[in-house]
Amino acid sequence: MKPEIKFTVSEFVEVCNQSLEYAFTGIIIEGEVASFKINQGKWVFFDLKDADSSVNCFMPLDYLTVPITDGMKVQIRATAKLTRWGKFSLTVRNILPLGEGNIKKSFELLKKKLTDEGLFDSSKKRPLPQDLTKVGVISSTAAAGYIDFLKILSNRWGGLQISTINTQVQGLQAAEQIIQALERFNQQAKVEVIAILRGGGSADDLAVFNDEKLVRAIAASRIPVLTGIGHEIDESLADLAADVRASTPSNAAERLTPDRRAVALQLKSIPKRLSTRILEQVSLLRGQNQSRISDLGHELKHRFEQARERLQSQLKILNSLNPETILRQGYAIISSKASPGDSKAVTSFQTGDPIEITTLSQTITAEVKYVKQRSKTNF
Amino acid sequence: MSNNAQKPISKRLAELDVAIEWFYGEDFSLDQALDKYQAAVKLAQDIDQDLAKMQNQVEVIADFTKA
């Protein structure tokens, strides 16, 4: 028979707590919430019950990261404690709603609250950086979604340095781990984008991505965040807070990089594309040259026509000044016989001067019989 | 490996874009076209080869599941 042990009340409570701590290093319990209340804006109290039993629960309000209401089925992570007043309670570290209906209700309540705060404003969204070289990934390294992401990323592009932080992506501790990973990447500031990845799962599995603290941490990240969580139809508050939402981890890989096969096709098309362009330019320049030659021919012809017209005009003038033309009109030319070629002699004849008269058909030698001076104003 | 090959692919793709734009710009001249063509095609072939060889480096830098 074991010896009896004598305690003071305080010692007994202390021993009980040590025993509870030793026996239950971590307790996860599922149950329905009842009598939920928040005291002094700091402390949360509720009962967790099932059909036969009920246990008191307590938690700092700061730990409450999802909206909880009476009647919700939840999962909690807690430590058991006997208070100084002999009351047994669970100190809750994490709480998550369970079941699609409860998760949806909690999702909508928190979505409204955070939307009203402007946490999801599109003006806060940043585009993913171009020409990535360093990518931070937060995921479970054992998850199929993570493997898919790496595989597709590797198929699409190379030369990336991918730094991964392994975290749980479901369950009560997942949110805290993902928040720590976000903080680590932001503190180190070595990556250009952070991808949070998780493959498909049930609403319960994905509930962690509606954790208020996690959602706020994503929105506050200095490094742009890309989420690839669940399937196409799944939408979490983490997705709404992220800068870019990919529908799946595979889609996240597609959002991050170009496809090297598409780029290679473009590269292979370059010789043909450029040679076609050069031939187009050659054809264009030939056309321009032919046009210039044609223009030059027209210009030469025009100049020639102008010169010919001018020549004909000058010939006409010359013809009108031809003495033969004057003789044909019935005039005669009188010149001095004594001083042939002297133009002055023609204008000052004296009586008796020998002269020569030229008509159209004759040359007449004659003598001046009489000279009378004419007034110049007669013409 | 040439200096050009050591540049990131993204930078060389940007250089290739500039090289191709020349053929569609006002600076285009037939006198330079052949040299420019050969340089652009060489750059495209180099990028294509390196593109096929490029691999990603993956490192798990922390494991918070064990905390």
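## A buried serine in a loop

In this predicted model, A:Ser221 counts as buried because its relative accessibility is 4%, where buried means under 20% relative accessible area, exposed over 50% and partly exposed in between, with a 1.4 Å probe and protein chains only. A:Ser221 is placed in the loop between helix H6 (212-220) and strand S9 (225-229) of chain A, helices (H or I, at least four residues) and strands (E, at least two) being DSSP runs numbered from the N terminus. Once its neighbours within four places in sequence are left aside, A:Ser221 is in contact with A:Arg126, A:Asn186 and A:Ile194, contact meaning heavy atoms within 4.5 Å.

## Three further loop residues

A:Thr65, in the loop between strand S3 (54-60) and strand S4 (73-82) of chain A, likewise counts as buried, at 7% relative accessibility. Its side chain and that of A:Asp211 are joined by a polar contact of 2.4 Å, that is, a pair of N or O atoms within 3.5 Å in which, within protein, one must be able to donate a hydrogen and the other to accept it, residues adjacent in sequence counting only if both atoms are side-chain atoms. Neighbours within four places aside, A:Thr65 is in contact with A:Leu110, A:Asn210, A:Asp211, A:Glu212 and A:Lys213.

A:Gln40, which lies in the loop between strand S1 (27-39) and strand S2 (43-49) of chain A, is exposed, with a relative accessible area of 68%, and has a positive phi of about 55° although it is not a glycine. A:Asp131, in the loop between helix H2 (100-117) and S6 of chain A, also has a positive phi, near 50°, and is exposed with a relative accessible area of 52%.

## Helix H9 of chain A

Helix H9 (residues 260-320) of chain A has 61 residues and spans 89 Å from its first C-alpha to its last, close to the 90 Å expected at 1.5 Å a residue; the expected span is 1.5 Å times one less than the number of residues. At the start of H9(A), a side-chain oxygen of A:Asp259 comes within 3.0 Å of the backbone nitrogen of A:Arg261. H9(A) bends by about 40° at A:Ile270, with a proline, A:Pro271, following within four residues; the bend is the angle between axes fitted to the seven residues ending at a residue and the seven starting there.

The buried residues of H9(A) include A:Val263, A:Leu267, A:Ile270, A:Leu274 and A:Ile278. The buried residues of this helix pack against helix H3 (144-156) of chain A together with helix H2 (9-24) and helix H3 (30-53) of chain B.

## Nonpolar cores

In the largest nonpolar core, which has 41 residues, A:Phe149, A:Leu226, A:Leu256, A:Leu267 and B:Leu16 touch the most other members; such a core is a set of buried Ala, Val, Leu, Ile, Met, Phe, Trp, Tyr and Cys residues joined through side-chain atoms within 4.5 Å. Among the elements that each supply at least two residues of this core are H3 and H9 of chain A and H2 and H3 of chain B. Apart from it lies another core, of 35 residues, among them A:Phe107, A:Leu110, A:Ala181 and A:Ile223.

## Basis of the values

Residues are numbered from 1 along each chain as its sequence is written, while chains are lettered from A and ligands numbered from 1 in the order in which they are written. Because this is a predicted model, local features need pLDDT of at least 70 and side-chain atom pairs count only at pLDDT 80 or more, whereas totals for chains, interfaces and linings use all residues, and side-chain values use heavy atoms, with hydrogens and water left out.
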